[in-house]
Amino acid sequence: MPMSSSPAVVVASAAVVALAVANRVLYKLALVPLKSYPFFLAQLTTFGYVGVYFSILYVRYRAGVVTRDMLALPKIRFAVIGLLEALGVAAGMSAGAMLPGPAIPILSQSFLVWQLIFSVLLLGKTYSLRQIIGCLLVTSGVILAVASGANDGHLLSGVKLIWPLLMVISSAFQAGASILKGKRPDIFVVNSFGSGFQALFVFLLLPLLSNLRGIKLAELSGHLNGGAECFLNVGESPIDCGGAPFLPLLFIFINMAFNISLLNLVKMSSAVVASLTATSAVPISIYILSLPLPYIPQGAELSASFILGGMVLLTGLILYNLPQSSKESKTD
């Protein structure tokens, strides 16, 4: 394995940070024109992943990296992974459309907390005291950030509590999916079949998820047509769809590039290096999303409690992801 200080790893790490920031910023920008149609964007994104991942899987199969035995693995685990990821992306995009931009990177870090809880309950995994303290700091940071909306004039004031809670719940679904992936024969086997089932479940769950947003079954077809028209920026939609289809397509492209670059960094270095690298993008993303941006000209004012929550959360993330000492490794 190459040393983490090698030039190639430095370049790969810089690419991950840049793509992670762009991914978080474009996540919010893509939801500006499609604010009323988050499920359309969720479906479009998952179908994009199906095409990309299965194309890569085919190339790896032809190269002999993926075997027939890998492809013949029981699909029930992939189906459960796909269901959880479908619920995660649908809930996340519904919440993201209603939340201020800087709140999204903060709330999505609850993924770590859920991942620790599920790995203890489902896998019986143990963690060091340092990791537990780091996780508690992440939880405290999220709570401080959400509490910043309790007073008028703060970032989340005027935002219904359901939306930050839904973003946290979406992280729980995604964390559950990551735990179920477990030891995998090949990451692209898991991601390909997982994305296939994810696209299927997003489609099947549309009536239920839409009903939660007040869209009746009889209106679903018209709603999807409206989403397509808004995405293509055609027709006479009563909603301002400025920025479409460029912003949603750019988000999908950057999102895929980020995930693939992160996998590449894990292979070149380690999961710890990849986690710390992705973590460094959180404060940068929060800062950029607080600025006036195209289609979000008003920006967002960060309250003192929100900034404090972000600092506590970032400290927890770094503490959790620090390399383990030999003593800690023996206790895990």
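Reader: Before we start, what does "buried" mean here, and what kind of model is this?

Author: Buried means under 20% relative accessible area, exposed means over 50%, and partly exposed is in between, using a 1.4 Å probe and protein chains only. This is a predicted model, where local features need pLDDT of at least 70 and side-chain atom pairs count only at pLDDT 80 or more, while totals for chains, interfaces and linings use all residues. Residues are numbered from 1 along each chain as its sequence is written, and side-chain values use heavy atoms, with hydrogens and water left out.

Reader: Okay, is lysine 181 buried or exposed?

Author: Lysine 181 sits in helix H8, residues 162–181 (helices are DSSP runs of H or I, at least four residues, numbered from the N terminus). Its relative accessible area is 16%, so lysine 181 is buried.

Reader: Which residue's side chain makes a polar contact with the side chain of lysine 181?

Author: A polar contact is a pair of N or O atoms within 3.5 Å; within protein, one must be able to donate a hydrogen and the other to accept it, and residues adjacent in sequence count only if both atoms are side-chain atoms. Leaving aside neighbours within four places in sequence, lysine 181 is in contact (heavy atoms within 4.5 Å) with residues including Arg77 and Glu85. The polar contact, at 3.4 Å, is with the side chain of asparagine 191.

Reader: Which cysteines does the disulfide join?

Author: A disulfide here is a pair of cysteine sulfur atoms within 2.5 Å, and a search of the whole structure finds one. Its S to S distance is 2.0 Å, and the partners are cysteine 230 and cysteine 241.

Reader: Why is that disulfide called left-handed?

Author: Both cysteine 230 and cysteine 241 are buried. The disulfide is left-handed because the torsion about their S-S bond is about -115°.

Reader: And what does the side chain of serine 261 lie 2.8 Å from?

Author: Serine 261 lies in helix H12, and at 14% relative accessibility it counts as buried. Leaving aside neighbours within four places in sequence, serine 261 is in contact with Val16 and Leu19. A polar atom of its side chain lies 2.8 Å from the backbone oxygen of phenylalanine 258.

Reader: Last one: which residues touch the most other members of the largest nonpolar core?

Author: A nonpolar core is a set of buried Ala, Val, Leu, Ile, Met, Phe, Trp, Tyr and Cys residues joined through side-chain atoms within 4.5 Å. Of the 74 residues in the largest one, those touching the most other members are Met93 and Leu99.

Definitions and conventions
Helix = DSSP H or I, 4+ residues; strand = E, 2+ residues; numbered from the N terminus.
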